[in-house]
Amino acid sequence: MKLQVSVDLLSLEQAMNLLKDVVSYVDIIEAGTPLIKQEGLKVVETFKQSFPDKLIFADMKTMDAGGLEAEMAFKAGADFTTILAVSNDSTIEGAVVAARKYGKYVTADMISVSDRVQRARNLERLGVNYLELHCGLDEQANHLCASTASELAALRGAVSISLSAAGGINEKTIQEVEAAGADVAAVGAAIYSAKSPAESARRLREKINSKG
């Protein structure tokens, strides 16, 4: 399982300071939605230029203009871009076409999807590369998230494409997420809000390192 650091900070300077400490422990660097909105796609460009051996994830959370926004992300250097799974199918298809054009990946963020298994099957048919089971910050704050592991297991039984998990993952839950079938674990606050982000990232890496 790959480890993704979700950089949900609000300045490029803060982000780069964090990444210098943790980058050796992660496989994927995520430019979080708040960071992209605050600083623009120069964040993605900077991440790719600074860490060319890492995969760069642009968390665009696109809801419309799928092809256009995906192309913007890929031109900036992103390897992955996100589109909301609740979007219209034509929006998703546009993002998939752009991903194929650039040889990149589309991740469908499952936040706010009610029937996740059925939508997952549809998304696989539409050609997305990854499904992200995402418990958002507002959902976490209001205790609205179901068991990530059990939902992952249900999705793993329904589709064959890659799965990622995001939202509230930490040292206590990352092995459970891996066992449930996640190919990627996206970890945010457990790294960037830790007293020692580098030590937190190291321990997370250690917990999954033996399993790839």
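**Figure 1. Right-handed crossing of α1 and α3.** In this predicted model, helices α1 and α3 cross in a right-handed sense. Helix α3 spans residues 42-50, and its axis lies 11 Å from that of α1, at an angle of about 25°. Because angles under 35 degrees count as roughly parallel, α1 is roughly parallel to α3. The contact has six nonpolar, two polar and one charged residue. From α1, the residues taking part are L12, A15, M16 and L19. Their partners in α3 are K42, V43, T46, F47 and S50.

**Figure 2. Buried and exposed sides of helix α1.** Helix α1 runs over residues 12-22, and L12, A15, M16, L18, L19 and V22 in this helix are buried. These residues lie on the same side of α1, because the arc that they cover around the axis is only 165°. E13 and K20, on the other side of α1, are exposed. Among the buried residues are L12, A15, M16 and L19; L12, A15, M16 and L19 are also the α1 residues that meet α3.

**Figure 3. Packing of α4 against α5.** Helix α4 comprises residues 66-75 and helix α5 residues 89-102; their axes come within 7 Å and cross at roughly 30°. The angle makes α4 roughly parallel to α5. The crossing of this pair is right-handed. On the α4 side, the contact is formed by G66, G67, A70, E71, F74 and K75. On the α5 side, T91, G94, A95, A98, A99, K101 and Y102 take part. Sorted by class, the residues of the α4 contact with α5 are six nonpolar, four polar and three charged.

**Figure 4. Surroundings of A98 in the α4 and α5 contact.** A98 belongs to helix α5 and is one of the residues of α5 that meet α4. With a relative accessibility of 5%, A98 counts as buried, because the cut-off for buried is under 20% relative accessible area. Apart from neighbours within four places in sequence, A98 contacts G67, A70, E71 and F74. G67, A70, E71 and F74 are among the α4 residues that meet α5. The C-alpha atom of A98 is separated by 8.0 Å from that of L68, although the two residues are 30 residues apart along the chain.

**Figure 5. T107 and its contacts.** T107 is located in strand β5. The relative accessible area of T107 is 0%, so this residue is buried. Not counting residues up to four places away in sequence, T107 touches F57, F80, T81, T82, I83, Y130, E132 and S164. One of these, F57, falls within the residue range of strand β3, 55-62.

**Figure 6. Positive phi at K61 and S112.** Both K61 and S112 are residues other than glycine with a positive phi. For K61, phi is near 50°. K61 sits in strand β3 and, at 24% relative accessibility, counts as partly exposed. For S112, phi is near 70°. S112 is found in the loop that lies between β5 (105-109) and α6 (116-126). With a relative accessibility of 57%, S112 counts as exposed, because the cut-off for exposed is over 50%.

Notes: Residues are numbered from 1 along each chain as its sequence is written. This is a predicted model: local features need pLDDT of at least 70, side-chain atom pairs count only at pLDDT 80 or more; totals for chains, interfaces and linings use all residues. Side-chain values use heavy atoms; hydrogens and water are left out. Axes are lines fitted to C-alpha atoms, for helices over the stretch in contact, and angles run from 0 to 180 degrees between N-to-C directions. Helices (H or I, at least four residues) and strands (E, at least two) are DSSP runs, numbered from the N terminus. Angles under 35 degrees count as roughly parallel, over 145 as roughly antiparallel, 65 to 115 as roughly perpendicular and the rest as oblique. A crossing is left-handed if the near helix is turned anticlockwise from the far one by less than a right angle, and right-handed if clockwise. Contact means heavy atoms within 4.5 Å. Ala, Val, Leu, Ile, Met, Phe, Trp, Tyr, Cys and Pro count as nonpolar, Asp, Glu, Lys and Arg as charged, and the others, Gly among them, as polar. Buried means under 20% relative accessible area, exposed over 50%, partly exposed in between (1.4 Å probe, protein chains only). The arc is that of the directions from the helix axis to the C-beta atoms.
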